[in-house]
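The structure is shown below.

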Amino acid sequence: MKRIEIQVAVAKVSKYASSESGDTVEVVERPHGGISIIVSDGQRSGRSAKAISNVVARKAMSLIAEGVRDGAVARATHDYLRTNRGGKVSAELVIASVDLVTETLVLSRNSRCPVLVQRDGGTEWLNEDCDAIGIYRNTKPSIVELPLVPGLTAVVFTDGIWSAGHRSGGAMDVAGAARLNEGGQVDGEDTAGAYSAKEIADRVLESALELDEGRPRDDSTVLVIKVGSHQRDQIVRRMEISLPI
């Protein structure tokens, strides 16, 4: 594998006047190398939604840690939620996995929100129709597998981002906010505008908050995964968390 660096960043806020976000994000190491980031959006908002998204995220984490493949994880998590809650509640689920065995980024979606991807110098939407988990018997995920090459960037988000501004007549431009097409190429590699994963996530969330006039009408989460190159002597892995309370 080429010497690459995986940047992962999350920016999230809860619905305005809600004490708790119904979105849950968890990171788990894959037993054969790599990491998986789980984004779960529970039905409705607040504590009830948080309870649902926690159940979903924890089930998915445990299965991934046991070595279950992502597609099977999504299906099993759906079956678990449907059985546990009698098919009466739903959750949107995205599993984004950096798989070092296959050297790919695996994006498994059960969400109305598409995923924005930059690769090969252009951007595209992963928007195949798929249902949220927990309700319908034969629900299955939409799965896309992309080679881990410098310049690959994926932007995952929940419906608080996608619907930002709708009530006031505005429309969220995720691609414009992410600015993935700025910056061209450096040494033959797409730079995604040379912005870091954290900067992209912050830009998207800030744009959504502006459309909602600082009062988000739903729980809002942005996950950005960016593949770049790094110096050959760099071996330290780092994780940074900011949690205002």
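This is a predicted model: local features need pLDDT of at least 70, side-chain atom pairs count only at pLDDT 80 or more; totals for chains, interfaces and linings use all residues.

The pairing with β6 (residues 115-119) extends over three bridges, and in it L116 stands opposite V155 of β9.

## Helix α5

The 15 residues of α5 should span 21 Å at 1.5 Å a residue, and the C-alpha atoms at its ends are 22 Å apart, which agrees. The buried residues of this helix include A197, I200, A201, V204, L205 and A208. These residues lie on the same side of α5, because they cover an arc of only 125 degrees around its axis. An α-helix has 3.6 residues a turn, so residues three or four places apart point the same way.

## The largest pocket

The volume of the largest pocket is about 2,200 Å³. It is lined by 49 residues, and those closest to its centre are V8, A9, R238, M239 and E240. Two or more lining residues come from each of β1, β2, β3 (34-42), α1 (46-65) and α5 (197-211).

Strand β1 makes the largest contribution to this lining, with 10 residues. By class, the lining of the largest pocket holds 25 nonpolar, 11 polar and 13 charged residues.

## The second largest pocket

About 290 Å³ is the volume of the second largest pocket. Its lining has 17 residues, with R30, R69, D70, D99 and T102 nearest the centre. At least two lining residues are supplied by each of α2 (70-84), β4 (91-99) and β8 (142-147). The lining of this second pocket divides into six nonpolar, six polar and five charged residues.

## The enclosed cavity

How many cavities of 30 Å³ or more does a search of the whole structure find? The search finds one, and the space in the largest cavity amounts to about 40 Å³. Its lining is formed by V39, D41, E92, L93, V94, S111, F157 and T158.

Strands β3 and β4 each give at least two residues to the lining of the largest cavity. The largest share, three residues, comes from β4. Four of the lining residues are nonpolar, two are polar and two are charged.

## Loop residues and backbone geometry

Most residues other than glycine have a negative phi, and most peptide bonds are trans. A17 has a positive phi of about 70 degrees although it is not a glycine. This residue is located in the loop between β1 (4-13) and β2 (23-29). A17 counts as exposed because its relative accessible area is 75%, where the cut-off is over 50%.

R179, likewise a residue other than glycine, has a positive phi near 55 degrees. It is placed in the loop that joins α4 (174-178) to β10 (185-186). Is R179 buried, partly exposed or exposed? With a relative accessibility of 33%, R179 counts as partly exposed.

## S163 and its separation from A132

S163 is situated in the loop between α3 (159-162) and α4. Its relative accessibility is 31%, and S163 therefore counts as partly exposed. Along the chain, S163 and A132 are 31 residues apart, and a distance of 17 Å separates their C-alpha atoms.

Notes. Residues are numbered from 1 along each chain as its sequence is written. Side-chain values use heavy atoms; hydrogens and water are left out. Helices (H or I, at least four residues) and strands (E, at least two) are DSSP runs, numbered from the N terminus. Buried means under 20% relative accessible area, exposed over 50%, partly exposed in between (1.4 Å probe, protein chains only). On a 1 Å grid over the protein atoms alone, a cavity is a set of points where a 1.4 Å probe fits but cannot get out, and a pocket is an open set with protein on both sides within 12 Å along at least five of seven lines; lining residues have an atom within 4 Å of a point. Grid points are joined across faces, edges and corners, and a volume is the space filled by probe spheres set on the points. Ala, Val, Leu, Ile, Met, Phe, Trp, Tyr, Cys and Pro count as nonpolar, Asp, Glu, Lys and Arg as charged, and the others, Gly among them, as polar. Two strands pair if DSSP finds at least two bridges between them. The expected span of a helix is 1.5 Å times one less than its number of residues. The arc is that of the directions from the helix axis to the C-beta atoms.
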